[in-house]
Amino acid sequence: MGIYEMMAEYAGGGTAGPIVQWHMIRDNGTTALCGVRLDPAAEKVSDEAWGHTREKFCHTCGALYLRQVP
Ligand SMILES: [Zn+2]
């Protein structure tokens with residue numbers, strides 16, 4: 001059982017653009033559960049924010065997260 005956090009994906013890559021969607025990462029990694037590589041400088045928030053963000057959440061990450069977290 002790892003530590004899960006949400007990490008932002010930005011429009012145009014990098015961290016300058018607006019947030020497109022949130023992914024879930026595990027154990028302080030930068031590759032999302034769905035396989036997308038995220039910028040190490042991207043904003044991170046607790047997985048408790050899941051479902052409470054203004055931006056959408058990656059559907060694949062959501063499905064995998066629900067399966068991995070009891
Ligand atoms: Zn994802």
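1. Strand 1 and strand 2 run antiparallel and are joined by seven bridges. Within this pairing, Glu9 has Gln21 of strand 2 as its bridge partner. Strands (E, at least two residues) and helices (H or I, at least four) are DSSP runs numbered from the N terminus, and two strands pair if DSSP finds at least two bridges between them.

2. The model is predicted: local features need pLDDT of at least 70 and side-chain atom pairs count only at pLDDT 80 or more, whereas totals for chains, interfaces and linings use all residues. Residues are numbered from 1 along each chain as its sequence is written, and side-chain values use heavy atoms, with hydrogens and water left out.

3. The sheet is open and has four strands in the order 3-1-2-4, with mixed pairing. Strand 3 (44-46) and strand 4 (56-57) are the edge strands, each with a single partner strand, so one side of each is left without a neighbour in the sheet.

4. Strand 1 (residues 4-10) also pairs with strand 3, in the antiparallel sense and over three bridges. Here Met7 has Lys44 of strand 3 as its bridge partner. Five of the seven residues of strand 1 are buried, where buried means under 20% relative accessible area, exposed over 50%, and partly exposed in between (1.4 Å probe, protein chains only).

5. Helix 1 (residues 59-68) lies across strand 1, strand 2 (19-26) and strand 4, at about 25° to strand 2. Axes are lines fitted to C-alpha atoms, for helices over the stretch in contact (heavy atoms within 4.5 Å), and angles run from 0 to 180 degrees between N-to-C directions.

6. The zinc ion is coordinated at 2.0 to 2.4 Å by His23 (ND1), Cys34 (SG), Cys58 (SG) and Cys61 (SG). His23 belongs to strand 2 and Cys34 to the loop between strand 2 and strand 3, so this pair ties together parts that are 11 residues apart in sequence. Donors are N, O and S atoms within 2.8 Å of the metal (3.2 Å for Na, K and Ca).

7. The site of the zinc ion is tetrahedral, with angles of 101 to 119° among its four donor atoms; four donors count as tetrahedral if all angles lie between 85 and 135 degrees. Along the chain, the donors follow the spacing H-x10-C-x23-C-x2-C.

8. His23 counts as buried at 1% relative accessibility, whereas Cys34 counts as partly exposed at 25%.

Definitions and conventions:
Four donors count as tetrahedral if all angles lie between 85 and 135 degrees; four count as square planar and six as octahedral if opposite donors are over 155 degrees apart and all others between 65 and 115; anything else is irregular.
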